[in-house]
Amino acid sequence: MMKIAATTLGETGGDLLAQTLQIGYAASSLLFIGLFAVCLVTQLKVGRFHPALYWTVILATSTAGTTMSDFMNRTAGLGYTRGALVLIACLAVVFYLWRRSGLTFDVERIATFRGELLYWAAILLSNTLGTSLGDFLADTSGLGFAGGALLIGAVMALILAAHYFTDISGTLLFWMAFVLTRPLGATVGDFFSKPREAGGLGLGTIGSSAVLFAVLVVLIVYTYAKGRNRRRPRWRERAGAMNSRHTSRLN
């Protein structure tokens, strides 16, 4: 849920800066890449999982991916199909180098600087690819924003079913779902923000971004709260149970 919210916000946020505020794809890409670099360096130095920081980096890759993809496809004139093929090739190269390195693909076991760099490179490229793929499904294929979102959602449902009912590698299924959340976010984001005559809901980039940002913040706060409950010392649990028994006896 958090990844879909972040990638959808990345779509509407990137469009807000590049299109609504008319900053342009090139300038917006440089700005978001700079933000991604700052957040990534901070993430690498911290060496621990902090939900707000982690999801800020994810959001930075998503917004940067949106504007970079649009720059490639529209400003540079590659088009959605060729742009998607170029990004698929780049992502395949990253996964190839990752496999050759001998490091694990299991994201819960990444514990080296090199492994984390490969991980974030894969995320940045997958989020950039997702924008091109989402635009391809919505525009070139003729499915529209809602149709593209439904198609990707159906594929992700199949991946979820494979997770529970087959012996396919969980790591492989994770990366398949992870990559697909970005085109899902691209199509859903456009569906929310684009005008009704273009097949969207007409909420605009500002309204859509505000709602999605609020959703992501709520989920991050929930993650912190859940983490604190998990780290609650056992002696506190025992003390709480003893106090409850004592109170019940008094009553």
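1. The protein has nine helices and zero strands. Read from the N terminus, the order of elements is α-α-α-α-α-α-α-α-α. Keep in mind that this is a predicted model.

2. Start with the overall dimensions. Along the principal axes, the C-alpha atoms fill a box of roughly 75 × 45 × 40 Å. The accessible surface of the protein is about 13800 Å². Carbon and sulfur atoms hold 66% of that surface. The protein has 251 residues, and 42% of them count as buried.

3. Now look at how the chain meets itself.

4. Which residues have the most contacts inside the largest nonpolar core? They are Phe-36, Trp-55, Ile-58, Tyr-119, Trp-120 and Leu-216. This core has 39 residues. The helices that give two or more residues to it are H1 (2-20), H2 (25-46), H3 (51-75), H4 (79-101), H5 (113-140), H7 (170-193) and H8 (204-230). Helix H3 gives the most, with 10 residues.

5. Another core lies apart from the largest one. It has 11 residues, among them Ala-149, Ile-152, Met-156 and Leu-184.

6. Go back to Ile-58, one of the residues with the most contacts inside the largest core. Set aside residues up to four places away in sequence. Ile-58 then touches Lys-3, Ala-6, Trp-120, Ile-123, Asn-127 and Phe-178.

7. The structure holds 14 aromatic pairs. One of them joins Tyr-54 and Trp-55. Their ring centres are 5.2 Å apart, with 90° between the planes, and the pair is edge-to-face. Tyr-54 and Trp-55 are both buried. Ring pairs also build a cluster. Its members are Phe-49, Tyr-54, Trp-55, Phe-95, Trp-98, Phe-105, Tyr-119, Trp-120, Phe-174, Trp-175 and Phe-178. Trp-55, Tyr-119 and Trp-120 are also among the residues with the most contacts inside the largest core.

8. Is Ser-132 buried or exposed? Ser-132 is buried, because its relative accessible area is 0%, and the cut-off for buried is under 20%. Ser-132 sits in helix H5. Leave out its neighbours within four places in sequence. Ser-132 is then in contact with Ser-69, Asn-73, Tyr-80, Gly-83, Ala-84 and Leu-87.

9. Turn to the surface. Val-93, Tyr-96 and Leu-97 form a nonpolar patch there. Together they have about 300 Å² of accessible area. Val-93 belongs to helix H4. Why does Val-93 count as partly exposed? The reason is its relative accessibility of 47%. Buried means under 20% and exposed means over 50%, so a value in between is partly exposed.

10. Finish with Thr-20, in helix H1. At 40% relative accessibility, Thr-20 also falls in the partly exposed class. How far apart in space are Thr-20 and Thr-205? From C-alpha to C-alpha, the distance is 7.3 Å. In sequence, Thr-20 and Thr-205 are 185 residues apart. Beyond its neighbours within four places in sequence, Thr-20 is in contact with Asp-15 and Thr-205.

Terms used
Residues are numbered from 1 along each chain as its sequence is written. This is a predicted model: local features need pLDDT of at least 70, side-chain atom pairs count only at pLDDT 80 or more; totals for chains, interfaces and linings use all residues. Side-chain values use heavy atoms; hydrogens and water are left out. A nonpolar core is a set of buried Ala, Val, Leu, Ile, Met, Phe, Trp, Tyr and Cys residues joined through side-chain atoms within 4.5 Å. Buried means under 20% relative accessible area, exposed over 50%, partly exposed in between (1.4 Å probe, protein chains only). Helices (H or I, at least four residues) and strands (E, at least two) are DSSP runs, numbered from the N terminus. Contact means heavy atoms within 4.5 Å. Patches are made of residues with over 30% relative accessible area and no salt bridge: like charges are joined within 9 Å, nonpolar side chains (Val, Leu, Ile, Met, Phe, Trp, Tyr) within 5 Å. Accessible areas come from the Shrake-Rupley method with a 1.4 Å probe; for residues, only the protein chains shown count as cover. A salt bridge is a side-chain nitrogen of Lys or Arg within 4 Å of a carboxyl oxygen of Asp or Glu. Rings of Phe, Tyr and Trp (its six-membered ring) pair if their centres lie within 6.5 Å; planes under 30 degrees apart count as stacked, over 60 as edge-to-face and the rest as tilted.
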